[in-house]
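Subject: Structure handover

Hello,

Here is the structure for you to look through. Please open it first, then read on for what was found.

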Amino acid sequence: MEYDFKTIEEKWRNHYETTNPFRFDPHKPGPKYYCLEMFPYPSGNLHMGHVRTYTLGDVLARYKMLKQFNVLHPIGWDAFGLPAENAAIENNIPPSVWTFKNIAIMRNQLKSLGLSYDYNNEVCTATADYYKWGQWLFLKLYDKGLVYRAKAWVNWDPVDKTVLANEQVVDGKAWRSGAPIEKKLIEQWFFKITAYAEELLTSLATLDKWPYKIKAMQRNWIGKSSGAIVYFKIASKKTPSAYPNEGEFPIFTTRPDTLYGATFMAIAFNHPAVHAYIDLPAKERETIIKFIDECKNIDQHSDYAKKGIFTGTFIDHPLTDEKLPLYVANFVLAEYGTGAIMGCPGQDARDYAFAKAHELPIKHVVCPADTNIETYKNKPPSEAFTEHGITINSQFLTGIPTALAIEKMTTYLEEKKLGRRKIQYKLKDWLISRQRYWGNPIPMLKDEKGTFEKVPLSDLPVILPQNVTFTGTKSPLADHPEFTHYQTNDNRQVKREHDTMDTFTCSSWYFLRYIDAHNKKEPFAKALVQKWMPVDQYIGGIEHACLHLLYARFFQKALRDLGITSNDEPFPSLLAQGMVTAKSYYAPKIKKYLTPDEVSGHLQPHPSFTPKPTEEITNITDDNSPTPNKNLHYHRTYGQLIVKVEKMSKSKKNGIAPEKMVDRYGADSVRLFILFAAPPEKNLEWNENGIEGCQRFLLKLVRYVNQFITCVKALNSTENSLIKPSSTQDSSQMSSPITQFNKILHPAIQKVELDIDRLHFNTAIAMLMETLNKFQSIAPKTQVDCHPMYENIVTFLTLLNPFAPFVTEELNAHLYQNLCNQLAGIDSFAKKLYEHTWPTSQKIYLTQPSRDLIVQVNGKIRAKLSLLPTLNKNTVISHAKKEPNIKKWLANQTIVKEVYLPQKILNFVTKPTK
RNA sequence: GGCGAAGUGGCGGAAUUGGUAGACGCAGUGGACUCAAAAUCCACCGAAGGCAACUUUGUAAGGGUUCGAGUCCCUUCUUCGCUACCA
């Protein structure tokens, strides 16, 4: 047989298509195994990152199938989202048409990789039979009090008239219109994820099969800190009622112990009541209001200059009655704590800088623990001391260590009713409103007075209308009369909410729908979900660490409390796989990335090698070093090139199309390479030579199988007769090639199994390669060898099958076809490899009695002995001492100690003889 | 600035628990086959010394624990990722 991968892969793809061997039946026998990969956005183009995720999952799913699990290994489409809408605006194609066309393309790309999905069990978030249940869940959460409406600051694009996500804002400008982003306070829908902040944090501890890194990222994101709210009071001429909270001025601090060090106060520029605190003459008032307006356009992600202006208002210190000036500051966050802070310059770096800039007093109230307090007091440091130490200059707290001082002050404040203990989270409620068309409509109605009510359950789904026109500004739903108009059962005319939900709401429960994808009566049957959840292995990119993975955990907990599901966590085991990277070539001269094709053949050596150095040389050579840096690259036309290994992307022109690779090398080789080149959690650098190596391995396998068939045919000299299987199954009677074969095969079974279980697919493949290399010298010698060897080769094909399903399936069929009229009684081998059972490694072939014993003298290897493992310690030692090289090293030495580990090492510890 | 991860040949990477460092693959070198090339097969492939046996050295750097350290502990350096004014 030739390794014609195109024909072979085509054949087995068709076989999968017609027989659907990976059909999901939740009631099939066997323990359940739910293998899930994050579903893709149907952009219309599968990229290498997808190939990696789905191949990882596929190996695991196929392996578990062979292990006789009932496997759920689903695929679907995260089909709502902006790109479809942008395509609609640009090319005048309806988003649904664009999306479903892309899905068809990508489904075929997935199929070409041989992934073992049941494509009849797909979930697509943009179809009404899915998003209906998203709306249903929205209403359930609403009833539970987990959905509310509130005003929030958003990124507002004044040209496109829509809210933008943070990642759609580039350098303070809208990515599409280029208009400067405005901060706007708009009423929006929220999911109350903060109600679960504590549980989301604490139950991270139960996720022992999650990468530590991701748990740390979520922990930081939730950002729990404990401290106190301290009630300051306005010290003003005005009546208390002129201020919010009757003149009370609460602030949050994690360091109540530093209260005596407060020398000023600051409030966020975008605090809802900021204007109430301005107490200045008209002219200065104008300046501060102008400042507040300017702050609204600051890009919060840049390192902007910290500024503040005095409001004219003073705040009473609750313990000392000092009057502290109140500033409006651009670095105080309105959304965190109370939106106002006390400034303790001695103990906070930002406050210190601010105090210096505004010539405010600086009080040091904490002294480093290892420093003399008197010296410290007399010679205050020129920076803030932000760590824990000993409290100083603080009345009743003086001399107390920080931790205790925090506790003491908090208790004191609570007793005097001047403050209270407070746990604060960074996590904010989840803003889900999008002023967009291509998303799940929020199932709410609004009457003339602006009161909201639910769309009745019987009216679900709220269908996304198809007859819409895109102007490029504003959601087409807002001006869509048939959509927005709604008549209630009691004949009131109300309007539909025309915002849609964030697409992350769709991906927060799709894994539940897979279990019961065709359910028309409910989102999923509770009993089935109870059987199939949680997901046994979840696989996806790390970029969703704090978004999707947190949202989905929240949904799972909320649905549990609604009584719909029963697990605390949806994904107890998570594999966060690394990026697929490739070299990118950036030419600074033309400020452009070049494709690998534009670069290859155009590289030139470092200019210092050439007789006439170019102009750039003076700029390029670093620190006048005469030796050229081999990491610097030069293009004949564009000069210096910056070569980096980066995540594959269109903009960097370093992407590699998976379908081209499948076309050139076959899906099996692509699958093998993407698993072999790096462990899953690490980044994988694309390398075409590596993929050739994997193809070479498959070619070698095909040759080996061909040779075996030839050998069998040669041994079966008599025509029209079959070789009978040997009656003796006793291994000691078996001829040597078979014993040899078993001793290679069975350790491989054990190793591959172990490696798949711990998700080390790269070393599993290495073992399979090594095994095949060792097989090369083994061929059947007599007719007795034929049956057992055939069986062993099929076992090897079964081990390789999850990694390279097409070629192994073909070889298995090829063997049977050629040997069924050579070997008797092999009918049981007619079945497909995916119908096989994973082999069991047999102990008798695993022991390696000939393994060398390492003999060391003082920890250095001086000899290797091959001895029978049954020998006792003394015999082994006396054998070792006879070894010439050991003799040499023991000469004139006294043995102090003998460390002996049977079958491993023997170490003589010596000292020179006097 | 904060948090996290990682430093092993020319390269990607192996090394369950402290016990033969460099599996497997790529690249390279030499040989076989061939008119020749490709493919394939065989051998070599960290550095230094040696005809060889073998020796020394070597897992970012320095120190420590141990009979024995890539692996454990301390210090330093470098790189990468995420996050960012969270009081």
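A residue is near a molecule or strand if its C-beta atom, placed from the backbone, lies within 6 Å of it. Helices (H or I, at least four residues) and strands (E, at least two) are DSSP runs, numbered from the N terminus.

This is a predicted model: local features need pLDDT of at least 70, side-chain atom pairs count only at pLDDT 80 or more, and totals for chains, interfaces and linings use all residues. Residues are numbered from 1 along each chain as its sequence is written, while chains are lettered from A and ligands numbered from 1 in the order in which they are written.

The RNA surface

Which helix gives the most to the surface near RNA strand B? Helix H22 (residues 761-775) does, with six residues. There are 63 residues around RNA strand B. Those that come nearest are Thr 253, Asn 689, Gly 693, Ala 766 and Gly 859. By type, the surface near RNA strand B has 23 nonpolar, 22 polar and 18 charged residues. Here Ala, Val, Leu, Ile, Met, Phe, Trp, Tyr, Cys and Pro count as nonpolar, Asp, Glu, Lys and Arg as charged, and the others, Gly among them, as polar.

Domains

Domain bounds come from an automatic or database domain assignment. For chain A, it gives domain 1 (45-129 + 504-577), domain 2 (142-207 + 430-502), domain 3 (225-424), domain 4 (580-666), domain 5 (702-840) and domain 6 (853-912). The centres of domain 3 and domain 5, taken over C-alpha atoms, are 76 Å apart.

Helix packing

Axes are lines fitted to C-alpha atoms, for helices over the stretch in contact; angles run from 0 to 180 degrees between N-to-C directions. Two residues are in contact if their C-beta atoms, placed from the backbone, lie within 7 Å.

Helix H20 (residues 688-715) and helix H24 (residues 805-819) cross at roughly 10°, and their axes come within 11 Å. That makes H20 roughly parallel to H24 (angles under 35 degrees count as roughly parallel, over 145 as roughly antiparallel, 65 to 115 as roughly perpendicular and the rest as oblique). H20 brings Leu 698, Val 702, Val 705, Ile 709 and Val 712 to the contact. H24 brings Val 807, Leu 811, His 814, Leu 815, Asn 818 and Leu 819. Nine of the contact residues are nonpolar, two are polar and none is charged.

Helix H18 (residues 658-665) packs on helix H19 (residues 667-676) at about 115°, with axes 7 Å apart. Pro 658, Met 661, Val 662 and Tyr 665 of H18 meet Ala 667, Ser 669 and Val 670 of H19. This contact has six nonpolar residues, one polar and no charged.

Strand pairing

Two strands pair if DSSP finds at least two bridges between them. Strand S29 (residues 580-587) has several partners to look at. With strand S34 (residues 684-685), S29 pairs in the parallel sense over two bridges. Val 580 has Leu 684 as its bridge partner there. With strand S33 (residues 639-647), S29 pairs in the antiparallel sense over six bridges. Tyr 585 is bridged to Val 643 in S33. With strand S30 (residues 592-594), the sense is antiparallel, over three bridges. The hairpin of S29 and S30 has four residues between the strands, and Lys 591 takes a positive phi near 50° there.

Elsewhere, four strands form an open antiparallel sheet in the order S23-S22-S25-S24. Strand S23 (452-454) and strand S24 (485-487) stand at the edges, each with a single partner strand, so one side of each lacks a neighbour in the sheet.

Best wishes
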